[in-house]
Amino acid sequence: MLAGLSGLLGGCASQVKSFASQEDFSSTVTYSRLFDASAAQTCEASRRALLSQGYIISSAREDMVEGRKSFQPEPEAHLQMEIRVVCAPDSPDGKVSLGFVTALQDVYALKKSNNSASLGVGALGSVSLPFSSSNDAMVKVGSKTISSDAFYERFFDLVKRYLVVEDTSN
């Protein structure tokens with residue numbers, strides 16, 4: 001009986017889908033760059049770079065900037081890009097910093113659901129009426145971290161363009 005119960009419970013449990021490791025922690029520099037500037041200057045340049053491309057800044061500090069931008073490539077599809085830049089000192093004097101950047105793209109699709117109405121009348125029972133409506137909702141269908149070297153290279157080039165390093169040698 002115990003074996004039958006465990007077999008029954010085992011059959012009810014859904015299989016957990018396993019995926020191959022998605023991360024290899026290679027030594028590529030796709031997501032980071034060194035800048036000849038303080039961490040605060042690097043993050044300010046990153047903020048300006050994001051603003052110049054139409055991103056809405058959701059958070060801006062001396063050590064981190066987050067921005068978001070929406071796209072609608074098709075009438076029933078929506079993309080949202082979120083970019084996070086973390087700035088960290090990389091030298092004892094603070095004049096060199098590392099900028100770590102990650103871009104996340106969320107994909108949404110329009111999902112429709114139809115509704116119909118029915119009316120209950122005491123003596124007659126229930127009557128279905130031909131009223132129908134549909135609810136449309138954008139539903140998240142995917143999310144991925146952008147891993148394109150060219151994408152990050154263009155971003156870092158733009159950050160360098162906005163980088164203002166104050167000359168303190170006076």
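Author: One definition before we start: a residue is buried when its relative accessible area is under 20%. By that cut-off, both Phe151 and Tyr152 are buried. Keep in mind that this is a predicted model.

Reader: Fine. How many aromatic pairs does the structure hold?

Author: There are 4 aromatic pairs. One of them is Tyr31 with Tyr152, with 5.0 Å centre to centre and 70 degrees between the planes, an edge-to-face pair.

Reader: Where do Tyr31 and Tyr152 lie?

Author: Tyr31 is in the loop between helix 1 (2-12) and strand 1 (32-35), and Tyr152 is in helix 3. The pair therefore ties together parts that are 121 residues apart in sequence.

Reader: Is Tyr31 buried, partly exposed or exposed?

Author: Tyr31 is partly exposed, at a relative accessible area of 32%. Tyr152 has 0% relative accessibility and counts as buried.

Reader: And why is the pair of Phe151 and Tyr152 called edge-to-face?

Author: Because the planes of the two rings stand at 90 degrees, and planes over 60 degrees apart count as edge-to-face. The ring centres of Phe151 and Tyr152 are 5.1 Å apart. Tyr31, Phe151 and Tyr152 form one aromatic cluster.

Reader: Switching to helices. How do helix 2 and helix 3 cross?

Author: The axes of helix 2 (residues 39-52) and helix 3 (residues 149-162) cross at roughly 110 degrees and come within 8 Å. Angles of 65 to 115 degrees count as roughly perpendicular, so that is the description for helix 2 and helix 3.

Reader: Left-handed or right-handed?

Author: The crossing of helix 2 and helix 3 is right-handed.

Reader: Which residues meet there?

Author: From helix 2, Thr42, Ala45, Ser46, Arg48, Ala49, Leu50 and Ser52. On the helix 3 side they meet Phe155, Leu158, Val159 and Tyr162. By class, the contact of helix 2 with helix 3 has 7 nonpolar, 3 polar and 1 charged residues.

Reader: New topic: Gln105. Where is its place?

Author: Gln105 sits in strand 5, which covers residues 97-121.

Reader: Is Gln105 buried or exposed?

Author: Buried: the relative accessible area of Gln105 is 16%, and the cut-off for buried is under 20%.

Reader: Then what does Gln105 touch?

Author: Leaving aside residues up to four places away in sequence, Gln105 touches Leu79, Gln80 and Met81, along with Gly142, Ser143, Lys144 and Ile146.

Methods:
Residues numbered from 1 in each chain as written. Predicted model: local features only at pLDDT ≥ 70, side-chain atom pairs only at ≥ 80, totals over all residues. Heavy atoms only, no water. Helix = DSSP H or I, 4+ residues; strand = E, 2+ residues; numbered from the N terminus. Buried < 20%, exposed > 50% of the residue type's maximum accessible area, 1.4 Å probe, protein only. Contact = heavy atoms within 4.5 Å. Axes fitted to C-alpha atoms, helices over the stretch in contact; angles between N-to-C directions. Parallel < 35°, antiparallel > 145°, perpendicular 65-115°, else oblique. Left-handed = near helix turned anticlockwise from the far one by under 90°. Nonpolar A, V, L, I, M, F, W, Y, C, P; charged D, E, K, R; others polar. Phe/Tyr/Trp six-rings, centres within 6.5 Å; stacked < 30°, edge-to-face > 60°.
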